[in-house]
Amino acid sequence: MSVWAILAAAGSGERLGADRPKAFVRLGELPLLAESLRRLDESEWIDAVVVAAPPGWEEPSVLLAEELGAGTVSAVVAGGATRAESVRLALADVPADAVVVLVHDAARPFVDEAVIERVLAPLSEGWDGVVPALPVSDTIKRVEGDRVVETLERDSLVAVQTPQAFLADVLRAAIAAGEGSDCASLVEAHGGRVRVVPGDPRLLKVTTPEDLELAASWL
Ligand code: CTP
Ligand code: MG
């Protein structure tokens with residue numbers, strides 16, 4: 001069974017507010033992108049990787065993959081205006097015989113073998129997609145402007161992370177049919193069965209400068 005990974009790294013990192021796209025902001029000695037790229041490359045579960053790079057940063061991405069000796073990197077494509085569009089563009093470089101596609105955010109540097117195993121396993125038990133998630137500890141309210149409209153039942157809510165795994169055919173069909181939104185919601189909307197498995201607090205998404213500092217302290 002061939003497993004391909006899409007590394008979504010094409011975002012601009014507006015909330016981080018650096019002078020370059022988030023994937024190329026330093027985490028320790030190397031660009032943020034390096035950590036997740038190296039980990040996916042080293043995973044014994046993943047056969048090949050397609051990187052969606054920030055537009056204009058394809059060449060530095062290829063050079064980084066070379067510097068890391070990341071031999072499983074099959075293609076680097078320019079990403080699109082939204083994450084979903086970046087994933088769609090990368091998926092075009094995943095061959096038709098790929099069985100499983102794992103989609104991961106480069107903004108989550110600390111992907112590890114255990115969570116990759118957790119999201120892959122249910123795909124051989126009849127699930128179409130698998131997402132890692134954490135319970136939410138805060139009470140979540142739905143608001144319109146500054147007015148609270150609804151208090152949601154915390155027990156039925158989870159905070160979803162990446163890597164997310166999908167049967168390749170199901171992901172292709174869902175992405176062809178839908179617009180916007182994240183991959184798992186497209187698969188759900190397309191009638192796919194998506195399972196949730198335990199996430200990991202270490203899968204922190206680097207969004208703000210404070211997140212970057214925290215992530216650097218974990219290196
Ligand atoms: N992403 C992408 N293509 C886009 C937008 C986002 O590949 N057009 C990727 C990002 O590179 C990141 C992941 O999707 O790895 C999650 O997105 P997010 O954390 O929101 O990153 P940015 O969109 O870059 O950050 P911001 O929203 O602050 O601009
Ligand atoms: Mg974003």
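Predicted model: local features only at pLDDT ≥ 70, side-chain atom pairs only at ≥ 80, totals over all residues.
**Exercise 1.** Find what lies 2.7 Å from an oxygen atom of ligand 1 at Ala 8, Glu 14 and Lys 205: backbone or side chain?

*Solution.* 
- Step 1. Take Ala 8. A backbone N or O atom lies 2.7 Å from a ligand oxygen.
- Step 2. Take Glu 14. Here too a backbone N or O atom lies 2.7 Å from an oxygen of ligand 1.
- Step 3. Turn to Lys 205. Its side chain supplies the N or O atom, 2.7 Å from a ligand oxygen.

**Exercise 2.** Describe the site of ligand 1: how much of its area is buried, and what kinds of residue form the shell?

*Solution.* 
- Step 1. Taken alone, ligand 1 exposes 560 Å². The protein buries 86% of that.

**Exercise 3.** Classify the ring pair Phe 110 and Trp 218, and say which parts the pair ties together.

*Solution.* 
- Step 1. The whole structure holds 2 aromatic pairs.
- Step 2. In the pair of Phe 110 and Trp 218, the ring centres are 6.0 Å apart. The planes stand at 50°, so the pair is tilted.
- Step 3. Locate Phe 110: the loop between strand E6 (100-105) and helix H4 (113-120).
- Step 4. Locate Trp 218: the segment after helix H7 (209-217).
- Step 5. The pair therefore ties together parts 108 residues apart in sequence.

Technical notes:
Residues numbered from 1 in each chain as written. Chains lettered and ligands numbered in written order. Heavy atoms only, no water. Polar contact = N/O pair within 3.5 Å; in protein donor to acceptor, adjacent residues only side chain to side chain. Areas by Shrake-Rupley, 256 points an atom, 1.4 Å probe, with all protein chains shown as cover. Phe/Tyr/Trp six-rings, centres within 6.5 Å; stacked < 30°, edge-to-face > 60°. Helix = DSSP H or I, 4+ residues; strand = E, 2+ residues; numbered from the N terminus.
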